[in-house]
Amino acid sequence: MRPRTPPRLEDVRARTVLVTTNSLFVDLVDGRRLVVPLNWFPKLLHADEVERMRHSFVEGGASVCWPQLDEDISIAGLLAYTGSPDVS
């Protein structure tokens, strides 16, 4: 059996998103789950629970948008990130 070719970053899509007080959880259509610290995204960190829930998927899940907060997060960007951002 030939090894499965991993999807290209730009082809990976989000299925569900959950924002807690400390983390951003993104479930991908291929079954993986991404978990990143919420302090990477100050607008989400300082948003209330209702604002965090008001997201939409863009381009079939290629990114997630919170229009009220002016926050857009690319799934490919989350997957490609290799270091911790300089956050306070």
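Aspartate 70 is found in the loop between strands S5 and S6. Strands (E, at least two residues) and helices (H or I, at least four) are DSSP runs, numbered from the N terminus. The model is predicted: local features need pLDDT of at least 70, side-chain atom pairs count only at pLDDT 80 or more, and totals for chains, interfaces and linings use all residues. Residues are numbered from 1 along each chain as its sequence is written, and side-chain values use heavy atoms, with hydrogens and water left out.

The phi angle of aspartate 70 is positive, at about 55°, although the residue is not a glycine. Aspartate 70 is exposed, with a relative accessible area of 56%. Here buried means under 20% relative accessible area, exposed over 50%, and partly exposed in between (1.4 Å probe, protein chains only). Glutamate 59 also has a positive phi, near 50°, and is a residue other than glycine. Glutamate 59 sits in the loop between strand S4 (56-58) and S5. Its relative accessibility is 63%, so glutamate 59 counts as exposed.

The side chain of aspartate 70 meets that of lysine 43 in a salt bridge (3.7 Å, N to O). Lysine 43 belongs to helix H1 (residues 42-45) and aspartate 70 to the loop between S5 (63-66) and S6, so the pair ties together parts that are 27 residues apart in sequence. A salt bridge is a side-chain nitrogen of Lys or Arg within 4 Å of a carboxyl oxygen of Asp or Glu. Lysine 43 is partly exposed, with a relative accessible area of 39%.

The whole structure holds three salt bridges. Aspartate 27 pairs with arginine 33, the closest N and O atoms being 2.7 Å apart. Aspartate 27 is buried, at 14% relative accessible area. Aspartate 30 and arginine 32 also form a salt bridge through their side chains (2.7 Å, N to O). Aspartate 30 is partly exposed, with a relative accessible area of 33%. Arginine 32 counts as partly exposed as well, at 37% relative accessibility.

Glutamate 71 lies in strand S6 (residues 71-74). Glutamate 71 is buried yet has no salt bridge. The nearest side chain of opposite charge, lysine 43, is 5.4 Å away. For charge, Lys and Arg count as positive and Asp and Glu as negative; His and the chain ends are not counted. Neighbours within four places in sequence aside, glutamate 71 is in contact with Phe41, Lys43, Leu44, Val64, Cys65 and Trp66. Contact means heavy atoms within 4.5 Å.

S6 is part of an open sheet of three strands, with the order S4-S5-S6 and antiparallel pairing. S4 and S6 stand at the edges with a single partner strand each, so one side of each is left without a neighbour in the sheet. Neighbouring strands of this sheet are turned by 25° against each other on average, direction ignored. Axes are lines fitted to C-alpha atoms, for helices over the stretch in contact, and angles run from 0 to 180 degrees between N-to-C directions. Three bridges join S4 and S5 in the antiparallel sense. Phenylalanine 57 has valine 64 of S5 as its bridge partner. Two strands pair if DSSP finds at least two bridges between them.

Another open sheet has three strands in the order S1-S2-S3, with antiparallel pairing. Strands S1 (14-19) and S3 (33-37) stand at the edges, each with a single partner strand, so one side of each has no neighbour in the sheet. The twist averages 15° from one strand to the next. S1 and strand S2 (residues 23-28) run antiparallel and are joined by five bridges. Alanine 14 has leucine 28 of S2 as its bridge partner.

The largest nonpolar core has 19 residues. Leu24, Val26, Trp66, Ile75 and Leu78 have the most contacts inside it. S1, S2, S3, S5 and H3 each supply at least two residues of this core. A nonpolar core is a set of buried Ala, Val, Leu, Ile, Met, Phe, Trp, Tyr and Cys residues joined through side-chain atoms within 4.5 Å. Valine 26 is in contact with Ala14, Thr16, Val17, Arg32, Arg33, Leu34, Ile75 and Leu78, leaving aside its neighbours within four places in sequence.

Leucine 79 is placed in helix H3 (residues 75-80). At 24% relative accessibility, leucine 79 counts as partly exposed. Its C-alpha atom is separated by 8.1 Å from that of leucine 34, 45 residues apart along the chain.
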